[in-house]
Amino acid sequence: MHEYVRRRIARGCRLSPRLCRGDNVVLEGKDLLHDLPGTFTVVKCRTCGLMRTNPRPAPEAIGFYYPDDYGPYAGTRVRPEAPGRSSVIKRLLRPVVSALVDYKTTALPPIPAGNMLELGCASGSFMHRMAQQGWRVEGIEFSRKAAMAAAQLGYHVHAGPLETAPAPGQLFDLVVGWMVAEHLHDPVGGLKKLREWTRPGGWLVLSVPNAGALEFKIFKEKWYALQLPTHLYHYTPRTIRLVLQTSGWSPVKIHHQRVLSNLFPSAGYVLRDRGYERVGAKLIGFPENAGRWHQVLYPLAWFLSQLGQTGRMTVWARNGS
């Protein structure tokens with residue numbers, strides 16, 4: 001076995017360890033994002049239905065599967081906007097487009113600016129946007145290189161996993177995590193820690209892939225949002241609510257995102273395996289290169305979101321303690 005593919009078997013479901021009646025194997029897959037070594041199994045708890053990658057890379061070894069060109073690190077760098085006529089036009093059109101098109105990818109509850117923590121802040125673009133709206137922001141980022149990029153913007157960032165982050169000096173009004181909860185080795189323990197750092201009545205907003213969508217059943221190990229082995233848990237609307245409740249959070253609302261970022265790259269993986277490499281590669285690159293295609297496809301994405309079938313969801317929860 002490769003040195004970096006040391007695995008750990010998580011015995012029993014984290015939600016119901018005393019009641020767990022074992023797991024069923026759902027599928028077996030590989031790292032399709034970077035083609036790194038290892039074969040990984042997704043299992044489903046017979047008691048609560050929570051799916052997880054098992055066995056999986058140990059915490060001290062999983063950094064091997066996050067190379068520096070990992071998409072979110074590069075895609076969240078803050079770049080100065082070029083001056084000129086085009087930027088003026090974009091600024092004028094932005095509120096109009098925002099009023100007509102709401103992807104729900106970073107949907108937030110209507111609350112006044114306060115203290116915000118971003119779990120998995122990558123290179124800091126979301127923190128930067130919130131700071132410009134009056135929020136006092138902090139971040140936690142596993143990648144030291146990405147954390148350094150965010151810190152260079154002037155924000156306090158803990159470089160390392162959530163498990164090693166020290167308690168903050170003040171409670172947060174809002175904690176966000178965009179496509180990060182599925183990466184946690186211990187989501188219940190991590191979410192409990194975040195709840196202790198949040199003021200009573202404060203908010204938690206997470207986005208996660210939706211393994212309850214039909215596209216997961218169709219594409220299985222080729223599903224783009226599966227992303228083995230860095231995605232350690234695979235949530236459905238029901239199981240993300242269970243995880244939140246077990247962690248002490250009160251789920252408030254689930255928004256099904258209005259984007260089709262999983263559908264095209266999943267089809268690309270299938271086509272690439274069948275020998276259509278050029279077409280497959282183009283579809284696999286859709287999430288990074290979609291540009292205005294997101295707006296063109298918005299009516300279809302909106303319709304599928306009403307059926308809960310876009311494969312991605314944004315979840316709101318509150319600290320009820």
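Two strands count as paired if DSSP finds at least two bridges between them. Helices (H or I, at least four residues) and strands (E, at least two) are DSSP runs, numbered from the N terminus. The model is predicted, so to speak of a local feature takes pLDDT of at least 70, side-chain atom pairs count only at pLDDT 80 or more, and totals for chains, interfaces and linings use all residues. Residues are numbered from 1 along each chain as its sequence is written, and side-chain values use heavy atoms, with hydrogens and water left out.

**Stop 1**

Select residues 172–178, strand S9, and then 198–209, strand S10. In which sense do S9 and S10 pair? They are parallel, with six bridges between them. Strands of a sheet pair through backbone hydrogen bonds, either parallel or antiparallel.

(Angles run from 0 to 180 degrees between N-to-C directions, and axes are lines fitted to C-alpha atoms, for helices over the stretch in contact.)

**Stop 1: two helix pairs**

Show helix H5 (residues 187–196) together with helix H7 (residues 237–246). Their axes come within 8 Å and cross at roughly 55°. That makes H5 oblique to H7, because angles under 35 degrees count as roughly parallel, over 145 as roughly antiparallel, 65 to 115 as roughly perpendicular and the rest as oblique. Is the crossing of H5 and H7 left-handed or right-handed? It is right-handed: a crossing gets that name if the near helix is turned clockwise from the far one by less than a right angle, and left-handed if anticlockwise.

H5 brings Pro187, Val188, Leu191 and Lys192, while H7 brings Val243, Leu244 and Thr246. Sorted by class, that contact has five nonpolar, one polar and one charged residues. (Ala, Val, Leu, Ile, Met, Phe, Trp, Tyr, Cys and Pro count as nonpolar, Asp, Glu, Lys and Arg as charged, and the others, Gly among them, as polar.)

Then jump to helix H8 (residues 263–273) and helix H9 (residues 277–284), whose axes are 7 Å apart at an angle of about 160°. H8 and H9 are therefore roughly antiparallel to each other, and H8 passes H9 in a left-handed crossing. Among the residues that meet here are Phe264, Tyr269 and Leu271 from H8, and Val279, Leu283 and Ile284 from H9. The class count for H8 with H9 is eight nonpolar, two polar and two charged residues.

**Stop 2**

S4 and S11 run antiparallel and are joined by two bridges. Click Arg52 and look across to Tyr233, its bridge partner in S11.

Stay on Arg52. Which residue forms a salt bridge with Arg52? Asp23 does, with the closest N and O atoms 3.0 Å apart; a salt bridge is a side-chain nitrogen of Lys or Arg within 4 Å of a carboxyl oxygen of Asp or Glu. Asp23 sits in S2 (residues 23–30) and Arg52 in S4 (residues 51–53), 29 residues apart. The structure holds four salt bridges.

**Stop 4**

Most residues other than glycine have a negative phi, and most peptide bonds are trans. Asp35, in the loop between S2 and S3 (39–45), has a positive phi near 55°. The Asn54 to Pro55 bond is cis, with omega near 5°. Last stop: Leu228 and Pro229 are joined by a cis peptide bond with omega about 0°, and Pro229 lies in the loop between H6 (214–219) and S11.

How values were computed. Contact means heavy atoms within 4.5 Å.
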